[in-house]
Amino acid sequence: MEANSIPIMIQVNHRNSFSRIITLCAAILLTFSTSLFSQIDAAAGDATAGEALFKANCGACHKLYKKMTGPALFGVVGKYEEDYEWLGKWIRNSQELIATGDARAISIYEEYNETQMNAFPGLTDGDISNILAYTNTEKPAPPAPGPGAVTASGGGVSNNIILSILGLVLLLLIGVLLLVNNTLKKFAQAQGLELPAMEQSARKPIWQAFVENQFLVLVSVIFLLLGGAYFAYGWMSQVGVDQGYAPVQPIHYSHRIHAGENAIECKYCHSSARVSKHSGIPSLNICMNCHKSIGEVAGPEAGELSSVTEDYSKEFYDKEIQKLYKAVGWDEATQSYTGETQPVEWVRIHNLPDFAYFNHSQHVSVAGVECQTCHGPVEEMEIMYQHAPLTMGWCINCHRETNVKVEGNPYYEKIHEELSKKYGVEKLTAAQMGGLECGKCHY
Amino acid sequence: MSSNKKYWKSVDDLNDNPLVQTLRQNEFVEEIPTDEFLGDKATLETSQTSRRDFLKYVGFSTAAASLAACEGPVVKSIPYVVQPERIVPGVADYYATTIADGFDFASVLVKTREGRPIKIENNDLAHAGYGANARVHASVLSMYDTNRAQGPSAGGAQVSWEAIDKGVMAALQSGKKAVLLTQTFASPSTDKLIAEFTAKYPNASHIAYDAVGEQYALDAFEQKFGLRALADYDFTKAEVIVSVGADIVGDWNGGGYDSSYGKSRVPKHGKMSRHIQFEANMSLAGANADMRVPATPSQQKAVLKAIATGNASGLPENLKAAAAAARKELNAAGANGVLVTGIQGAAAQAMVLDFNATSNVMDTAAPKLTRSGDINKVNQLVRDMNAGQVGLLIMAGVNPAYSLPNATQFKTGLEKVGVSVACTMRADETAASSTHIAPTPHYLEAWGDVQIKQGEVSIIQPTIKPLFDTRQFQDSLLAWMGSDQNYYNYIKDTMAGAGVTSFNKAVQDGVVMTNAFAKAVSTTQTSATSHAGMAIAAQSGFELTLYTKTSMGDGNQANNPWLQEMPDPITRATWDNYLTMSEADAKELGLWLDRSTFFTEARNDANGGLNGHLANVTLSDGTVVPNVPVMVQPGQANGSVGLALGYGRTTSIQEDMQTGVNAYPLMQNGSLTQGGVTIEKVAGMHEFAVIQLHNTLMGRGDIVKETTLEIFNTKDKKYWNAVPEVTKAHIEYEVTSPEVDLWDSFDRSIGHHFNLGIDLNACTGCGACVIACHAENNVPVVGKSEVRRSRDMHWLRIDRYYSSNDTFAGDDQKKEDMDGLWGENGSLGGFGEMEDPAANPQVAFQPVMCQHCNHAPCETVCPVAATSHGRQGQNHMAYNRCVGTRYCANNCPYKVRRFNWFLYNGNDQFDYHMNNDLGRMVINPDVTVRSRGVMEKCSMCIQMTQKTILDAKRDGRAIKDGEFATACSNACTSGALAFGDINDHSSEVYKQKQDDRMYHLLESVGTKPNVFYQTKVRNTKEA
């Protein structure tokens, strides 16, 4: 299902552009019409066009039903008694309005800690009407819970049911066969047939013959030992290799939603990977850059935009976001930090031993290696896991096979020229550059 | 016949004591309370768990536990809630700050990782040029000291700051005499603050006190120039340096002259400085001198008079000649000559100031301000305290109960002081007997400004939030003045008032040039007083010269394991101080130990450990320092002894670090020399931990190559720096192809090829590089008993060699002249003699670390290929691959490999900084902390070269010369260590490698090292 994410994105794009066209048309239409009336009126506005405008201009700070940086805007027309002139002035340039000493404006300004609202002088009366029309949209009733949830969790169960039914059938089959056998025996006895008894062979049992053949014993012992050693070595080689390690994290953070569906660049959060040896677990203030305004995930009501899956419901995700708020000390009601923080104790997934030095910036910034090369399809991971074995052999293989990215880097100019001449190759691998020397990673 | 024997167990048994009867009846006096853990019988029987079940459970849980143990531990990663903008995990930040602990003053850079300081570097922007010495490099560890005072206390109980403030304010307002007894801060802001404080409280006065002061130099300077300061010297300008009892490479005059001295010693255009040293102890300066003349402190006075005035009366014949020669050379050098002295007398110091009046080397216009204490005022204070006149004593940065010679009087006086406040980093000897302890932060946690040399202000800025509940002294003063300003703002105001336009720039650079705080230096040149004070009082007995070690200094960092384990550059002893004595005197007093005899106590144990006798040192006034270990020191003037200060601390010092004896009781009147000392042998032996047991070169002139300036200037390189060549059939002939090689060598011509050049002329042996190496490479501390077993872990050592004859050249000649086993020139007796250093030997220092051989003998013998070569010239060591056979160490001709005999981190047996969470903060996260059973050695700071390369790659640029560095080359301020890429032919290190003086250590072995040395050139007339 993760594979679907890209088509969804495409559809979204279409939808967006479609609505933009509509908005544009509406805007053009309205510009012409408003030139006649030059009036803002929510009742005359088009809520659909307004929604697009709202999302483009207001969505960063306002929500309809919830306080964010700015107040919740549902019913704002009613709140200000349809004083469209005042609303228009406020929306176009609130600071100007405040400067005139408007008491209402000043009180709002002060209520929101003197946060300045962006000025939108470019919005026409029609635009504002549309937006205000949209702000009058009632909150859609939450989808009735029940059947959906059951079927959602049913998928997992059904497989088990099928399997158990299969098992039952097999058991029945065995029973039937036994019964048939019994019946046949009884039938034969009834017919008076002598069933030939299993003859006790006078020959040596095979195990005795085997034991007496010393050569065979020797060969098989050697074989067993070698085989045992082979498997023991194999088993021991995986000690400490935690490929697939997917620990439970204190906050269920979904890379699928962030890196996949929302296509956030890895290094937006893991910014130190560019300059440091550590990729860095982002500090919580990075999360809050977005989560200040994203308090919940898009649920099923968002249709194709929905982030929830069969295994994880919207309620589940929303609870995880609340955990973030608790950790960072964010009070949603007042939209402010309380100052009470609880640093999150993430469980580290990729653990290199202390004696191995690895530098992210060398690979990410200098070599331009994609994060996915080592970390796997992170954008599809609901739960982050260790994709690569992180063994030395794995490192070395990559160093042998990967060419050094020397283009456009003056540092490499001289050394690349000389080395490629020496090895008679066009492109140098990391190994030829000295990337296999012990001291490059162990010191 | 029946026996009448009666068996009894005790006398009471025999006497039929009724108690025994009772006890016998009651054999099991106490019933084992099985019920407690088994419950009563009924419960036990109804229990579902049978014995078998129990065993099953035990078996299962054991198996489960061992299975669970196979899984890796869960590692937690806790990011910041709000990450500070300037901190990127994994990237180091550097901050400029200044150390000013009352003894060491230097502008430094502090390397911090994830907000914790881990290393000290030199600040190149500082003009005064006093580089960080070993103690400054180690000071970062002193911050992570678990024995620090962690919060305010009074009478042993924790109190609040308000309670302290209340107590002090009450005492201040009572009107009774209040005294501020502080270290030398040399701080414009603090000076101003103290002036304001004493103005506000007229009953308060200020006394500065230096534990190891320059009482007489300060007196002389004050008399002549009207300012209590020290003349400054720039030895780079010196052509002739004559020092009479001044350790100009050590801590004389506040220290910090090793870099300018070292630079003047490198021959350039056929010229280098000439240095003549008259001294009693073998000091670093004497070891580096071209001519060293042993002279006791009283003889030094006569020598100084002879040099300065030409009046050579009362001098022994040998000193007469030397003094006359020195005078002649000084006069010839004119303004480029300089005469310095460490003689403890204002008259002698004044004489030098007069003599140098025309010298370019001495600077009195912008003097040094790092010492200002006056012992007479302190003595008066002690008298006042004992008279009960002092109501309040505030002490900051001083520990008089330890460092005063009359410490007992001070302590009794302290009891009579109503309120005594110790503003100190640790609950030391003084704090223990004070009424209040007001803990101060480490300088890396504090704000401040320092004027080391007049005209240049260095800024102290915090590099970490205070680890403990501390308040810096200046903030306390502000609080006690009732001000609500903090010291940070106070400094800002002071700087703004001084016309420093950008405080932020000053903080960033760490220094700012301003003359706003310069105090007037009188230029009237009132000629110094009569030299009457030069009279030598005849006293019988030994003459004692107290000195400070480059490692321990005045002892305020005694709890620092790096410094405790740092070998003394001269004696190479660690974890100790001792009485240095000449061989002749030791033999006379019965304090001499023979090398090895079957019948007497031997100098060395079977494991090589050095032993010494013990002696009591008594002053003429009866002051005794008992049980001082005696070490025989070549070069010590007969009739004189030496003893290092700073040891013997016990209060708030970890048990392992309570080493040596306290020599401060001998420092009467603040004088470092004392006459009329009695040395008396006492029973018992002392075990030293010395890391170099072989003291001479045995005529192996190819280890430390030496020549004289004359030969260097006139003869061909082949004469004085011959490259060893192979001869066949014992017939010497020219080798035609010395480049022929049995090895398949790496091609090192492409990319970087690192080399480290060590100039034996510039190296003064100060040891800053040793501590810098510890800090950079997480070198563990192993403790005294392990060092005694020669298991020290130092990656970088500075070998010190004495000559057996008067000069090394003499040794070489003697070896050359050997003929047969016996007889006059027999090698049997001859080599035996050569093991003993001369009475006044030549000394050579040689830093030795892994030589990173291109043909490394260690690499070929490793059975698991744990040590291998890199193309960049470094000899790599993969700790995780090492199995600890130690073949490599045995095959190394330079003996630079170190084996981890034990786990030195997180091990209670080695209870140093790596065994507590706080101390581990200093560990460099880019370097592995080695475990038990692996070999380790100098990596040529590969983590630093790799970082430089990566930075250049990331920025997309070529690397310039000077970017590559190692910890040791960064720490060296005298330019003795040069590191760089020899494939870059414009680099400094390449030029040095082409120099005529260049040679490799043990070149004849053919290891082709990547570390090279520059032949030592001595500016001597005598061959």
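Chain A of this predicted model has a mean pLDDT of 82, and 86% of its residues reach 70 or more. Over residues 1-15 of chain A, however, the pLDDT is below 50, and this stretch has 10 contacts in the model beyond near neighbours in sequence.

**Confidence in chain A**

- Besides residues 1-15, where the pLDDT is below 50, there is a stretch at residues 32-37 of chain A over which pLDDT stays under 50.
- For residues 32-37 of chain A, the model has 4 contacts beyond four places in sequence.

**Where chain A meets chain B**

- Across the interface, 43 residues of chain A are in contact with 37 residues of chain B.
- On the side of chain A that touches chain B, at least two residues each are supplied by helix 13 (284-291), strand 3 (346-347), helix 15 (360-366) and helix 18 (410-423) of chain A.
- Helix 18 of chain A gives the most to this side, with 6 residues.
- Sorted by class, the residues of chain A on the side touching chain B comprise 18 nonpolar, 17 polar and 8 charged.

**An antiparallel sheet in chain B**

- Strands pair through backbone hydrogen bonds, in either a parallel or an antiparallel way.
- In chain B, 3 strands form an open sheet in the order 2-3-4, and the pairing is antiparallel.
- Strand 2 (92-100) and strand 4 (116-122) of chain B stand at the edges with a single partner strand each, so one side of each has no neighbour in the sheet.
- On average, and with direction ignored, neighbouring strands of this sheet are turned by 35 degrees against each other.
- Strand 3 (residues 105-113) of chain B is joined to strand 4 of chain B by 6 bridges, and B:Arg113 stands opposite B:Arg116 in strand 4 of chain B.
- Helix 6 (residues 134-143) of chain B lies across strand 2, strand 3 and strand 4 of chain B, and runs at about 170 degrees to strand 4 of chain B.

- Another open sheet of chain B has 4 strands in the order 12-11-10-13, with parallel pairing.
- Here strand 12 (291-294) and strand 13 (337-341) of chain B are at the edges, each with a single partner strand, so one side of each is left without a neighbour in the sheet.
- Neighbouring strands of this sheet are turned by 10 degrees against each other on average, direction ignored.
- Between strand 10 (residues 240-244) and strand 11 (residues 274-279) of chain B, which run parallel, there are 5 bridges, and B:Val240 stands opposite B:Arg274 in strand 11 of chain B.
- Helix 12 of chain B lies across strand 10, strand 11 and strand 13 of chain B, running at about 145 degrees to strand 10 of chain B.

**Strand 27 of chain B and its partners**

- Strand 27 (residues 673-687) of chain B pairs with strand 21 (residues 542-547) of chain B in the antiparallel sense over 3 bridges, and B:Leu544 has B:Gln674 as its bridge partner.
- Strand 24 (residues 611-618) of chain B also pairs with strand 27 of chain B in the antiparallel sense, over 8 bridges, with B:Val682 as the bridge partner of B:Leu614.

**Packed helices in chain B**

- Two packed helices are described by the angle between their axes and by the distance between those axes.
- Helix 12 (residues 297-309) and helix 14 (residues 346-355) of chain B pack at an angle of about 25 degrees, with their axes 11 Å apart, which makes the two helices roughly parallel.
- Their contact is made by B:Lys301, B:Leu304 and B:Ala308 of helix 12 of chain B and by B:Ala348, B:Met351 and B:Phe355 of helix 14 of chain B; by class, it has 5 nonpolar, no polar and 1 charged residues.
- The axes of helix 15 (residues 375-386) and helix 17 (residues 407-416) of chain B come within 7 Å and cross at roughly 45 degrees, and the two helices are therefore oblique to each other.
- Helix 15 of chain B passes helix 17 of chain B in a left-handed crossing, and their contact has 4 nonpolar, 4 polar and 1 charged residues.

Conventions
Residues are numbered from 1 along each chain as its sequence is written. Chains are lettered from A and ligands numbered from 1 in the order in which they are written. This is a predicted model: local features need pLDDT of at least 70, side-chain atom pairs count only at pLDDT 80 or more; totals for chains, interfaces and linings use all residues. Two residues are in contact if their C-beta atoms, placed from the backbone, lie within 7 Å. Ala, Val, Leu, Ile, Met, Phe, Trp, Tyr, Cys and Pro count as nonpolar, Asp, Glu, Lys and Arg as charged, and the others, Gly among them, as polar. Axes are lines fitted to C-alpha atoms, for helices over the stretch in contact, and angles run from 0 to 180 degrees between N-to-C directions. Angles under 35 degrees count as roughly parallel, over 145 as roughly antiparallel, 65 to 115 as roughly perpendicular and the rest as oblique. A crossing is left-handed if the near helix is turned anticlockwise from the far one by less than a right angle, and right-handed if clockwise. pLDDT is the predictor's confidence in each residue, from 0 to 100. Two strands pair if DSSP finds at least two bridges between them.
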